[in-house]
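I'm opening my notebook to look up a helix and some pockets. Here is what I have on screen.

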Amino acid sequence: MDVDGTLTDGKINMSPSGELFKAFNIKDGYGINEMLPQHGIIPAIITGRTSTIVENRARELHIDELHQGKHEKLGTLKELMAKYGCSRENVAYIGDDILDIECMRESALVGCPADACQQVKELSHFVCPSKGGDGAVREFIEYIINYNSIASQ
């Protein structure tokens with residue numbers, strides 16, 4: 001998953017000394033920390049920015065696969081797929097902007113927040129009712145779990 005615009009509302013609050021804070025939705029956190037493990041799904045973050053705030057949030061949510069400063073996200077996704085022995089059919093991805101498109105094309109299930117850019121919406125199987133930072137990741141997690149339940153029947 002992406003961070004800015006997906007796990008957050010995409011706003012970057014800056015102080016004179018740098019990034020000050022980001023807001024995360026507790027529902028997204030519950031989905032990542034509680035729901036995904038119950039279904040054997042490993043969460044990963046691939047983000048273009050680097051932030052101690054994101055590092056802290058990932059640690060809090062037990063996300064071991066945190067990859068920051070990745071403007072070419074596809075290479076990181078392929079490394080993760082190799083590490084976990086996954087094929088395209090085992091990958092779901094949620095993002096909101098142009099930097100996410102390559103990863104989306106390599107994923108079996110693709111989602112985006114309601115306020116994603118148009119190119120991303122066109123690639124998505126599921127456009128979340130919520131905007132980034134407002135629970136969109138949780139909605140996509142529920143979509144993945146429901147999709148997997150239907151697919152296994």
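Before the first entry, a cut-off I need: a polar contact is a pair of N or O atoms within 3.5 Å. I also jot down that this is a predicted model.

Entry one, the start of helix 1. I looked up what caps its N-terminal end, and N25 does. A side-chain oxygen of N25 lies 2.7 Å from the backbone nitrogen of K27.

Entry two, along the helix. Helix 1 covers residues 26-38, which makes 13 residues. I get 18 Å from its first C-alpha to its last, close to the 18 Å expected. Where is the kink in helix 1 centred? I find it on I32, with a bend of about 30 degrees. I32 is also on my list of buried residues in this helix, along with D28, G29, G31, M35 and L36. Just after helix 1, G40 has a positive phi of about 65 degrees.

Helix 6 gives the largest share, 6 residues. By type, I wrote down 24 nonpolar, 4 polar and 2 charged.

Among the lining residues are D2, D4, R49, K73 and D96.

Key: Residues are numbered from 1 along each chain as its sequence is written. This is a predicted model: local features need pLDDT of at least 70, side-chain atom pairs count only at pLDDT 80 or more; totals for chains, interfaces and linings use all residues. Side-chain values use heavy atoms; hydrogens and water are left out. Helices (H or I, at least four residues) and strands (E, at least two) are DSSP runs, numbered from the N terminus. The expected span of a helix is 1.5 Å times one less than its number of residues. The bend at a residue is the angle between axes fitted to the seven residues ending there and the seven starting there. Buried means under 20% relative accessible area, exposed over 50%, partly exposed in between (1.4 Å probe, protein chains only). A polar contact is a pair of N or O atoms within 3.5 Å; within protein, one must be able to donate a hydrogen and the other to accept it, and residues adjacent in sequence count only if both atoms are side-chain atoms. Ala, Val, Leu, Ile, Met, Phe, Trp, Tyr, Cys and Pro count as nonpolar, Asp, Glu, Lys and Arg as charged, and the others, Gly among them, as polar. On a 1 Å grid over the protein atoms alone, a cavity is a set of points where a 1.4 Å probe fits but cannot get out, and a pocket is an open set with protein on both sides within 12 Å along at least five of seven lines; lining residues have an atom within 4 Å of a point.
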